[in-house]
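Hello,

Here is the structure I promised to pass on. Have a look at it first, and then read my notes below.

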Amino acid sequence: MSGIMMALMGASGIPLSVSGGSTSVSGSSTILGAGTKTVTTSSASVGTVSGGSTPYSYLWEYVSGDSFTPNTSTSSSTTFSRNITVAAGESVTATGVYRCRVTDAASRVAYGPDCTVSATLTETS
């Protein structure tokens, strides 16, 4: 058995793994007149965690692109928020990538899928 596989195995001999989960979430809003508004996305989920040793802990991590705030960063699911500024007649979209890191009681780590997070603010005067 490889060293990597052994590092991910729990006391039961079953590897810690994550299957399924959100691969994209989005949110949009409008604003009357130029300005800044917080846009919040729909909820992202890490998917199904199995193996390893319970309990599990969760941490939503930034991967790339525009930064957002995970609203419940230590939960198996979260929404994301970002302040977006628009000028008159403008529509602005921010896009970033996050993933959920799952750690079991024996400090073994597995990751959910990368999740593309996008938010759009449109000025509607």
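Is arginine 99 buried, partly exposed or exposed? With a relative accessibility of 28%, arginine 99 counts as partly exposed; buried means under 20% relative accessible area, exposed over 50%, and partly exposed in between (1.4 Å probe, protein chains only).

Before the rest, a word on how to read this. The model is predicted, so local features need pLDDT of at least 70 and side-chain atom pairs count only at pLDDT 80 or more, while totals for chains, interfaces and linings use all residues. Residues are numbered from 1 along each chain as its sequence is written, and side-chain values use heavy atoms, with hydrogens and water left out.

Salt bridges

The structure holds 3 salt bridges, each being a side-chain nitrogen of Lys or Arg within 4 Å of a carboxyl oxygen of Asp or Glu. Arginine 99 meets glutamate 61 in one of them, at 3.6 Å from N to O. Because arginine 99 lies in strand S10 and glutamate 61 in strand S6, this pair ties together parts that are 38 residues apart in sequence. (Strands here are DSSP runs of E with at least two residues, numbered from the N terminus.) Glutamate 61 itself is buried, with a relative accessible area of 16%.

Arginine 101 also forms a salt bridge with glutamate 61, again 3.6 Å from N to O. Arginine 101 is in strand S10 and glutamate 61 in strand S6, so parts 40 residues apart in sequence are tied together. At 30% relative accessibility, arginine 101 is partly exposed.

Another salt bridge joins the side chains of aspartate 104 and arginine 108, at 3.0 Å from N to O. Aspartate 104 is buried at 4%, and arginine 108 is buried at 14%. Arginine 108 is also among the contacts of threonine 103 beyond four places in sequence, along with Pro55, Tyr56, Ser57 and Val109; contact means heavy atoms within 4.5 Å. Threonine 103 sits in strand S10 and is buried at 15% relative accessibility.

Aromatic rings

Rings of Phe, Tyr and Trp (its six-membered ring) pair if their centres lie within 6.5 Å, with planes under 30 degrees apart counted as stacked, over 60 as edge-to-face and the rest as tilted. By this rule the count comes to 3 aromatic pairs. Tryptophan 60 and phenylalanine 80 have ring centres 5.8 Å apart and planes at 90 degrees, so they are edge-to-face. Tryptophan 60 belongs to strand S6 (residues 57-65) and phenylalanine 80 to strand S9 (residues 80-86), so the pair ties together parts 20 residues apart in sequence. Tryptophan 60 is buried at 6% relative accessibility, as is phenylalanine 80 at 0%. Phenylalanine 80 also pairs with tyrosine 98: the centres are 5.0 Å apart and the planes at 45 degrees, so this pair is tilted. Trp60, Tyr62, Phe80 and Tyr98 form one aromatic cluster.

The charged end of arginine 99 is over tyrosine 111, 3.9 Å from the ring centre, and that of arginine 82 is over phenylalanine 68, at 5.9 Å.

The sheet

Strands S3, S9 and S7 form an open antiparallel sheet in the order S3-S9-S7, where two strands pair if DSSP finds at least two bridges between them. In S9, phenylalanine 80 is the bridge partner of proline 70.

Best wishes

Technical notes
Helix = DSSP H or I, 4+ residues; strand = E, 2+ residues; numbered from the N terminus. Lys NZ or Arg CZ within 6 Å of the ring centre and 35° of its normal.
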